[in-house]
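Q: How do I read a ligand site and a strand pair in a model? Please take me through an example.

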Amino acid sequence: MNRVYNFSAGPACLPLKVLEIAAKEMTNYNNSGMSVMEMSHRSSVYEGIIAETESLLREIMNIPSNYKVLFLQGGATLQFAGVPMNLMNGSKKADYIITGLFSKNAYDEVLKYGDAKIAASSKDDNFSYIPEVTPDMIRPDADYVHICENNTVFGTKWQKLPDTGNIPLVSDMSSCILSEPCDVSKYGLIYAGAQKNMGPSGLTVVIVRDDLIGKSRTETPKFMDYKIQADNDSMINTPACYSIYIAMLVFRWLRDDIGGLENMRKINTEKAGILYDFIDNSKLYKSVARKEFRSMMNVTYNTGNKDLDDKFCKEADKAGFVNLKGHRATLGMRASIYNAMTVDGIKALVEFMKKFEKENT
Ligand code: PMP
């Protein structure tokens, strides 16, 4: 069978070139005589892999030297707890902005650790927008402010970061990391599950300003202590070795084949533009997220008719456009078009959508 156009929200499609390199190196990585899956994480070969992965990420994202890069496990979900364990260490207050499912999940978790407050929310309109946040909405003694930068389920994105003054901004960037340039110095901490723009699941990346760590709660598991992980190059135990290796290949692809994040943004802007323009001009399909907050990574839309949405997904699947069914919170469709989705893939989807529209109106 040929490869399909995979619009999964995550784990998502990976660059074909990366998969081909991984396949070639599967049984014998770099003349080591073994697969990356089989080698000791303490071996010099593997140390080379994790060191290159970090240095590539630093280069691509232009991460300042006073930020630590950690390669952890447990997904973004474990960081919903990791963040307060490490950063809720002053007033034990933290302010959360709720813009969708995952920011709400992060908020539910933080309630176990201290005084968390919802500073703003877009729940009143089923998270179709990003609320306006002004400094007076943030408690001046909060230890940090938490946002989910791209809302995977609802298809919205923070177009401009909230002004949190001196209070560190913590961002869940799971579904937008590496999609465009980002000024890391504006954040106290960034975290992201790898399975959308970085590689397979199993790896979670944390990028944290070094003055914020080293003050974790006493009961924090060693694994979850950012300072201990930073001091041990994310190797206090066995890391997600193979996922890190694939992330290294993805980062090489981003730098060498794409040409970095500025180019990635251009490509992603083109991709999202083609799809949104078509939806906006169609009589059948309607965009779910408000135009000014729409995500470049997750495009949510529907026909306004549940049966027709179901038919669309079924026929799309048959035609090789898979995983277009929306999340149960929004229904309808969602095309996740992360970095590895090609412009050709988007054009092919639009052709399919046109044909479906013709046949069903
Ligand atoms: N945050 C966002 C923005 C996500 O999209 C997801 C997963 N899709 C999560 C958090 C949860 O991530 P994980 O499954 O890695 O725990």
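Predicted model: local features only at pLDDT ≥ 70, side-chain atom pairs only at ≥ 80, totals over all residues.

Q: How many residues surround the ligand?
A: A residue is near a molecule if one of its heavy atoms lies within 4 Å of it. Here 13 residues surround the ligand. The closest are Thr77, Thr152, Asp172, Gln195 and Lys196.

Q: Which helix gives the most to that shell?
A: Helices are DSSP runs (H or I, at least four residues). Helix α3, residues 75-87, gives the most, with four residues.

Q: Which polar side-chain atoms lie by the ligand's oxygen and nitrogen atoms?
A: A polar contact is a pair of N or O atoms within 3.5 Å. The side chain of Thr77 has an N or O atom 2.5 Å from a ligand oxygen. For Gln195, a polar side-chain atom is 2.9 Å from a ligand oxygen. Lys196 places a side-chain N or O atom 2.8 Å from a ligand nitrogen. The protein covers 84% of the 400 Å² of accessible area that the ligand has on its own (Shrake-Rupley, 1.4 Å probe).

Q: How do strands β12 and β14 run?
A: Strands (E, at least two residues) are DSSP runs too. Two of them pair if DSSP finds at least two bridges between them. Strands β12 (residues 298-302) and β14 run antiparallel, joined by four bridges. Thr300 has Arg334 of β14 as its bridge partner.

Technical notes
Residues numbered from 1 in each chain as written. Heavy atoms only, no water. Polar contact = N/O pair within 3.5 Å; in protein donor to acceptor, adjacent residues only side chain to side chain.
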